[in-house]
Amino acid sequence: MKITYDPKVDILRIILSDVPIEDSDEEKPGVILDYDEDGNIIGLEILDASKKNR
């Protein structure tokens, strides 16, 4: 697992697996899930991360 934050664009990224991303979907506003070819969640991005409720 790898977690990164880019303050310039305010995105928090959590990578669960290094396999290629097959598809992505904005599950909720500002939360993007990445899937592998089998439909497993392999990562997620949180947009405007510093503005989300804690």
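**Chat on D34 and other acidic residues**

Q: Which side chain does the side chain of D34 contact at 2.6 Å?
A: That of S24, in a polar contact. Bear in mind that this is a predicted model.

Q: Which side chain makes a polar contact with D34 at 2.7 Å?
A: The side chain of R13.

Q: Where is D34 in the fold?
A: In strand 4, which covers residues 31-35.

Q: Is D34 buried or exposed?
A: Buried, because its relative accessibility is 2% and the cut-off for buried is under 20%.

Q: Switching topic. Which residues form the negative surface patch?
A: E22, D23, D25, E26, E27, E37 and D38.

Q: Take E26. Which strand holds it?
A: Strand 3, residues 23-28.

Q: And how accessible is E26, in relative terms?
A: E26 comes out at 47%, so it counts as partly exposed. Exposed would need over 50%.

Q: Where does D10 lie?
A: In the loop between strand 1 (2-6) and strand 2 (11-15).

Q: Is D10 buried or exposed?
A: Buried. D10 has 7% relative accessibility, so it falls in that class.

Q: What about phi of D48?
A: Also positive, at about 50°, and again the residue is not a glycine.

Q: Where is D48 found?
A: In the segment after strand 5, which spans 41-47.

Q: How does D48 count for accessibility?
A: As partly exposed, because its relative accessibility is 41%.

Q: What is the relative accessible area of N40?
A: It is 41%, so N40 is partly exposed.

Q: How many residues apart in sequence are N40 and I21?
A: 19 residues. In space, their C-alpha atoms are 9.9 Å apart.

Q: Back to D34 for the summary. What should I note?
A: D34 is a strand 4 residue and is buried at 2% relative accessibility. Its side chain makes polar contacts with the side chains of R13 and S24.

Definitions and conventions
Residues are numbered from 1 along each chain as its sequence is written. This is a predicted model: local features need pLDDT of at least 70, side-chain atom pairs count only at pLDDT 80 or more; totals for chains, interfaces and linings use all residues. Side-chain values use heavy atoms; hydrogens and water are left out. Patches are made of residues with over 30% relative accessible area and no salt bridge: like charges are joined within 9 Å, nonpolar side chains (Val, Leu, Ile, Met, Phe, Trp, Tyr) within 5 Å. Accessible areas come from the Shrake-Rupley method with a 1.4 Å probe; for residues, only the protein chains shown count as cover. A salt bridge is a side-chain nitrogen of Lys or Arg within 4 Å of a carboxyl oxygen of Asp or Glu. Lys and Arg count as positive and Asp and Glu as negative; His and the chain ends are not counted. The place of a charge is taken as NZ of Lys, CZ of Arg, CG of Asp or CD of Glu. Helices (H or I, at least four residues) and strands (E, at least two) are DSSP runs, numbered from the N terminus. Buried means under 20% relative accessible area, exposed over 50%, partly exposed in between (1.4 Å probe, protein chains only). A polar contact is a pair of N or O atoms within 3.5 Å; within protein, one must be able to donate a hydrogen and the other to accept it, and residues adjacent in sequence count only if both atoms are side-chain atoms.
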